[in-house]
Each structure stands twice: as structure tokens, then as C-alpha cells.
Amino acid sequence: MANRATPKQKKNGRGKGVAFAKWAKIDKAQRNMLIAVCIVSVFLGITLVGGIYFAKVIAFNAKVISEKDKIIADYKSIQTSLKTISGRVAEMSQSERLEAVARTRSTDCTQQIMEGLASADGIDDVELARTCTALRVIPDALPSKLNKEATLASMNQLLNWSNNGSGIESISSGEASGGSISDGLTVDPIGASISLNDSSNNIKKSLDLIERSIRNFDIASASIAWVDNYDEQGNATYEKNIELNALYRAYYATGVKIEKKTKKICADDTSDKCTGRKKKK
């Protein structure tokens, strides 16, 4: 006969089965809780990282917008300056004071051209404006490039106008070092050396005309000496001449170029890409 479990044994077996079921339920609850905590932690981490990333993106875009605002302000300032310069050039082109000392106009400057250049729309043809308006004085007053021959020709013309060229012994190029800055304009010097031998009155006329020239001639150095004056027979006269040796400094404008600027914007101003530093190996 098979052995049958006693009531006590049956009771103990049922107790163990209930305990095992409870443990299984607890393990399942803990496992579900652990899974839930892991999922929440992952989402929390993603949210935190995403929040930091978007905060950096917003800060970087704010820097970009700020720099763009500065660039827009610079563009507006340049446009305003260009309009101001254009207006001043238009005024100078019709200046009676400049016209009074300007050289003779070319025969190509007809009345129709003059009226067109003086229109309210401004100066459209730059080359015509340079030759047909009062602006033609400017190249004589301040050339835009180095031209020693033209400088010496200008000096020679002034001396010829003063005393019909009398008393001129020599005119040559000279060394004139150093530049000058005036009203933000950089200029470079051109040397012109002259030697005159004439009466004191004629020397004074020559110096006065050079001083009143539309082109600026500054004396860099000069020496004056009294010398004998001879008549046609070769006899020394009572009145002595003045021998003047002088180095004049004329000027020409240095070419102006458009300055192009670049701006690098970095999320981190101390990064190697922004500072240009090389990474250490």
C-alpha cells in the first residue's frame, strides 16, 4: 500500500507553497520597481543632458544675434558715412572757391555735361567729375600717387610765374623722409630741391608764390647767403643777390583700401579653436 501524507504533512506542504508564492510576488514587485527606476533614471538623464545642451545652444545663438546686431549697426554707420561723404563731394564739385583756383576746363566739358553733374541725383560719371567740376583742383593739391616729375614741374611752374623763371639755377628731386597724418588721412612726402640766385625782392616773390600755392610745399631745410651781383660788363654792383638753397616737402595721399574684418564666435571663448592654440599631444 502507498503511504499517504498525514494531515500535518499536508499542512506543512501548503504553508511552504504559500510562502514560495509570496516570495515570488515580492521578487516580481522588486524587479518591476527596479525596471521602473531604471527607466525613470534614463529619461531623467536624457532630460538633464538635453536641457544642458539646449541651454548652451540658446546661449550661443544669443551671442550670434548680439554680434549680428553689432554688424548691422556698423553697416548703418558706413551707409550714413557714405551719404555724408557723397553730399560733401557734391558740394565741393560746385565750390566757387575751388573753381577760382582750378585749372582751365577741357573743351569736352559742355554745358549739358556740367548741368548733369550738378543734378540733384549726384555725380554719376566720376571721370567727368574729375575733369569738368571744381574737383579737378584736388589732384593738383594732393595727388593720389608718387610722381616726382609732376612735383618738380609744379615747382618749376610756380617759379616761372613768380619772376618769369629768372634766378633759377637748378630744380631737382630731394630726399624727404617722414610722413604726416592730418584729419585721419595718411600722406607721404616728395622732396623737391631748388637753388635760386636773384635779388632779395625776386626771391621774396618766389617764396611768397610757393607759399600761396594750392599744393602744399613745406620747407624741410634751407640755407641763405649773400653773393655778389654782376652787371652785363661783369662788374660787381652795389646791390648783392641772395643765393637760396632749399629742400621742399610736397605730399601725396596714400591709397585707401577697404578693410575686411572677420569675427569668429565660439560657444566657449577659451577653446583651442577660438583662441588659435594648438592642442597638446
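1. Tyr 248 has a relative accessibility of 2% in this predicted model, and because buried means under 20%, Tyr 248 counts as buried. Phe 217, at 4% relative accessibility, likewise counts as buried.

2. The ring centres of Phe 217 and Tyr 248 are 6.4 Å apart and their planes stand at 85°, so the pair is edge-to-face; the centre distance falls within the 6.5 Å limit for a pair, and the angle is over the 60 degrees required for the edge-to-face class. Tyr 248 belongs to strand β5 (residues 241-253), whereas Phe 217 lies in the loop between α7 (200-211) and β4 (218-227), so the pair ties together parts that are 31 residues apart in sequence.

3. The other pair is made by Tyr 53 and Phe 54, and it is also edge-to-face, with 5.5 Å from centre to centre and 70° between the planes. Here both Tyr 53 and Phe 54 are exposed, whereas Phe 217 is buried and Tyr 248 is buried.

4. Turning to the helices, α6 and α7 pack with their axes 9 Å apart and at an angle of about 135°, which makes α6 oblique to α7; an angle over 145 degrees would have counted as roughly antiparallel. The crossing in which α6 passes α7 is right-handed.

5. On the α6 side, the contact is made by Met 155, Leu 158, Leu 159, Trp 161, Ser 162 and Asn 163, which meet Asn 202, Lys 205, Ser 206, Leu 209 and Ile 210 of α7. By class, the residues of this contact divide into 6 nonpolar, 4 polar and 1 charged.

6. Ser 162 deserves a separate remark within this contact. The residue lies in helix α6 (residues 148-163) and, at 15% relative accessibility, counts as buried. When its neighbours within four places in sequence are left aside, Ser 162 is in contact with Lys 205, Ser 206 and Leu 209, residues that are among those α7 brings to the contact with α6.

7. A last point concerns Ile 138, which is found in helix α5 (residues 137-141) and, with a relative accessibility of 36%, counts as partly exposed. Not counting residues up to four places away in sequence, Ile 138 touches Met 92 and Pro 143. The C-alpha atoms of Ile 138 and Ile 214 are separated by 9.0 Å, although the two residues are 76 residues apart along the chain.

Note on methods
Residues are numbered from 1 along each chain as its sequence is written. This is a predicted model: local features need pLDDT of at least 70, side-chain atom pairs count only at pLDDT 80 or more; totals for chains, interfaces and linings use all residues. Side-chain values use heavy atoms; hydrogens and water are left out. Helices (H or I, at least four residues) and strands (E, at least two) are DSSP runs, numbered from the N terminus. Buried means under 20% relative accessible area, exposed over 50%, partly exposed in between (1.4 Å probe, protein chains only). Contact means heavy atoms within 4.5 Å. Rings of Phe, Tyr and Trp (its six-membered ring) pair if their centres lie within 6.5 Å; planes under 30 degrees apart count as stacked, over 60 as edge-to-face and the rest as tilted. Axes are lines fitted to C-alpha atoms, for helices over the stretch in contact, and angles run from 0 to 180 degrees between N-to-C directions. Angles under 35 degrees count as roughly parallel, over 145 as roughly antiparallel, 65 to 115 as roughly perpendicular and the rest as oblique. A crossing is left-handed if the near helix is turned anticlockwise from the far one by less than a right angle, and right-handed if clockwise. Ala, Val, Leu, Ile, Met, Phe, Trp, Tyr, Cys and Pro count as nonpolar, Asp, Glu, Lys and Arg as charged, and the others, Gly among them, as polar.
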